[in-house]
Amino acid sequence: MSELNRVKLSKEDVQELIANRRYFHQHPEPSLREYNTSKKIKELLELWQIPYVSVGETGVLGTIQGKKDATKDVKSSKTILLRADIDALEMKDRKDVPYCSTIDGMHHACGHDGHTASLLAAAKYLKSHENDFSGTIKLAFQQAEEIGAGARLFVQGGHLEDVDLAFGIHLSSEYPTGKIILAEGSRYASCDIFKLHIEGESSHAAKPHQGRDALLAASHVVVALQSVVARCVDPIDSAVLSIGVLNAGTRYNVVANDAYIEGTVRALQKETRVQILSQVEEIAKLTSAVHRCTSEFSDYSAANILINQKEATDFAVKVAKNLVGDENVITSAPPTLGAEDFADYGEVTAATFALVGTRNLDNDSTHYPHHHELFDIDEEGLVVAAELHAQIALDFLAED
């Protein structure tokens with residue numbers, strides 16, 4: 001990549017990028033209800049004459065068709081998809097900044113506002129250079145990543161069927177601004193949300209033998225489940241089983257006839273994921289039976305394991321090093337047991353996913369972790385993210 005081909009946002013485009021990020025930060029919306037966000041994205045795509053379609057109620061898929069070789073059969077050209085998630089979190093924004101959230105109880109505390117603004121900046125740049133490349137660039141502004149419901153809408157809608165490479169970015173307060181993290185293999189864990197309904201039979205608390213105590217059974221289930229990862233999963237493997245909800249009973253002097261447990265299973269290996277879920281169901285059933293109760297198990301798959309595929313990752317690493325320098329690209333980093341539904345794209349096409357650092361070492365306000373009430377980012381990292389999006393697209397389409 002020569003300097004002439006290096007993506008470089010203009011000063012004006014950087015200012016617009018930051019302004020857009022702050023707008024989205026001020027107007028966060030929950031998963032599957034990102035109506036204003038979707039409207040704003042569409043307005044900008046229309047302004048830049050980028051055609052789009054809606055995906056679900058709030059997802060947006062823009063398309064830029066390269067015009068470098070108008071005589072070439074478009075169907076034989078390559079297609080790349082760039083993805084940004086657009087939803088926010090149901091939590092307060094306690095920062096004292098001019099762009100603080102204006103929606104009480106909603107906060108872009110995971111950087112999705114920056115993801116959206118960065119991809120928009122890349123879209124504007126790529127549209128202005130459509131005469132310099134051939135092939136197709138799809139721009140996925142995806143809803144509902146936080147609940148694992150958005151990526152599957154794009155996949156089920158057939159929008160990945162002609163895609164040769166899917167690329168996504170997540171901003172990260174764990175890494176300094178200017179760093180790009182692109183490591184091969186399992187990067188994000190699967191996420192399963194399981195529920196257990198323990199059913200017993202009520203009685204007077206003074207005569208517990210006349211009932212079947214669902215609360216007691218559920219308590220033993222919760223304790224028993226703690227042994228699954230500790231004693232049934234290879235210690236070298238990475239997995240977690242956490243219980244977040246236990247509800248039972250109606251009042252102090254009634255033996256509970258119902259108890260409800262909710263938890264999550266995270267794993268970095270498909271086999272481990274299946275094993276743990278099977279054991280949750282079996283342990284709950286057998287433990288409940290010991291207490292003369294029954295157990296009903298259900299599971300919601302919120303995300304698959306996100307795997308950075310070797311060939312796609314090697315390509316992205318090469319592009320990133322040319323863009324920001326070898327010293328700023330990290331290719332060896334530990335995976336996380338957090339989840340990311342970009343994994344769904346990797347189930348149907350070549351895919352890789354990068355982290356872009358947004359921690360300013362001289363600014364403590366950018367050091368808070370994701371999902372924190374004071375979470376913020378160094379906006380210089382947005383420029384890196386936008387330029388990386390655009391560079392990945394241009395270099396991929398330029399490859400033979």
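Which residues of helix 7 are buried? They are Ala312, Thr313, Phe315, Ala316, Val317, Val319, Ala320, Leu323 and Val324. The model is predicted.

## Helix 7

Helix 7 covers residues 310-324 and has 15 residues. From its first C-alpha to its last it reaches 21 Å. That is close to the 21 Å expected at 1.5 Å a residue.

The buried residues of helix 7 pack against several elements. The strand partners are strand 5, strand 6 (180-181), strand 12 (306-308), strand 13 (329-330) and strand 14. Helix 9 (380-398) is also a partner. An α-helix has 3.6 residues a turn, so residues three or four places apart point the same way. Among the buried residues are Ala312, Phe315, Val319 and Leu323. Just after helix 7 comes Gly325, with a positive phi of about 100°.

## Aromatic pairs

The structure holds five aromatic pairs. One of them joins Tyr188 and Phe353. Their ring centres are 5.7 Å apart, with 85° between the planes, and the pair is edge-to-face. Tyr188 lies in strand 7 and Phe353 in strand 14, so the pair ties together parts that are 165 residues apart in sequence. Why does Tyr188 count as buried? Its relative accessible area is 12%, and buried means under 20%. Phe353 is buried as well, with a relative accessible area of 4%.

Phe315 and Phe396 form another pair. Their centres are 5.8 Å apart and their planes stand at 70°, so this pair is edge-to-face. Phe315 belongs to helix 7 and Phe396 to helix 9, so the contact ties together parts that are 81 residues apart in sequence. Phe315 is buried, at a relative accessible area of 11%. Phe396 is buried too, at 10%.

Ring pairs also build a cluster. Its members are Tyr188, Phe342, Tyr345 and Phe353.

## The largest pocket

The largest pocket has a volume of about 830 Å³. Its lining holds 40 residues. Which of them lie nearest the centre? They are His170, Tyr188, Thr336, Gly338 and Ala339.

Strand 5 (165-176), strand 7 (185-188) and strand 8 (190-199) each give two or more residues to the pocket lining. Strand 10 (258-267), strand 11 (294-303) and strand 14 (351-359) do likewise. The largest share comes from strand 5, with six residues. Strand 5 is also among the elements that the buried residues of helix 7 pack against.

## The cavity

How many cavities of 30 Å³ or more does the structure hold? It holds one. The largest cavity has a volume of about 50 Å³.

Its lining consists of Asp13, Glu16, Leu17, Asn20, Trp48, Leu120, Ala121, Lys124 and Tyr125. Helix 1 (11-26) and helix 3 (112-128) are the elements that give two or more residues to this lining. The lining divides into five nonpolar residues, one polar and three charged.

Notes. Residues numbered from 1 in each chain as written. Predicted model: local features only at pLDDT ≥ 70, side-chain atom pairs only at ≥ 80, totals over all residues. Heavy atoms only, no water. 1 Å grid on protein atoms, 1.4 Å probe; cavity = no way out; pocket = protein on both sides within 12 Å on 5 of 7 lines; lining within 4 Å. Points joined across faces, edges and corners; volume = space filled by probe spheres on them. Helix = DSSP H or I, 4+ residues; strand = E, 2+ residues; numbered from the N terminus. Nonpolar A, V, L, I, M, F, W, Y, C, P; charged D, E, K, R; others polar. Expected span 1.5 Å × (residues − 1). Buried < 20%, exposed > 50% of the residue type's maximum accessible area, 1.4 Å probe, protein only. Contact = heavy atoms within 4.5 Å. Phe/Tyr/Trp six-rings, centres within 6.5 Å; stacked < 30°, edge-to-face > 60°.
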